[in-house]
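The structure is shown first, and the notes follow by topic.

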Amino acid sequence: MVLKLQVIKPKVKLKKNKITIRKGEKARIKIKKKLSSDQVKKYRVDHKKVVRVTGNGKITGRKKGRTYVTVIMKSGVRKRCRIIVR
């Protein structure tokens, strides 16, 4: 008896890869496609002075500039979103 296993490689896709906001304005990082069993573990900001992100993906522009927010899934998959604050 031979069993065949299908291994599904975890992926994540964001609705937008680039978000432009103004200082003080809010937006949200939305996930378009992921495995049904996978969940967001955390969000990580490269430059915390430019933008602030909450645990559920809401971003707030703090200072004019550019940065990246990385979405880290529990499976280990990462996806970056470019944030521009004007």
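This is a predicted model: local features need pLDDT of at least 70, side-chain atom pairs count only at pLDDT 80 or more; totals for chains, interfaces and linings use all residues.

In which sense do β6 and strand β7 pair, and over how many bridges? The two strands, with β7 spanning residues 58–61, pair in the antiparallel sense over three bridges. Residues are numbered from 1 along each chain as its sequence is written, and side-chain values use heavy atoms, leaving out hydrogens and water.

**Three-stranded sheet**
- An open sheet has the strand order β3-β7-β6 with antiparallel pairing; strands are DSSP runs (E, at least two residues), numbered from the N terminus, and two of them pair if DSSP finds at least two bridges between them.
- β3 (26–28) and β6 (51–53) are the edge strands, each pairing on one side only.
- From one strand to the next, the twist averages 25° (axes are lines fitted to C-alpha atoms, and angles run from 0 to 180 degrees between N-to-C directions).
- Val-53 has Ile-59 in β7 as its bridge partner.

**Pairings of β9**
- Strand β2 (residues 18–21) runs parallel to strand β9 (residues 78–85), joined by four bridges; Ile-21 stands opposite Val-85 in β9.
- Strand β8 (residues 65–73) pairs with β9 in the antiparallel sense over eight bridges.
- β8 and β9 form a hairpin with four residues between them, and Gly-76 in the turn has a positive phi of about 100°.

**Ring contacts**
- Arg-80, which Thr-70 faces across the β9 pairing, lies over the face of Tyr-68 at 3.8 Å from the ring centre (CZ of Arg or NZ of Lys within 6 Å of the ring centre and within 35 degrees of the ring normal).
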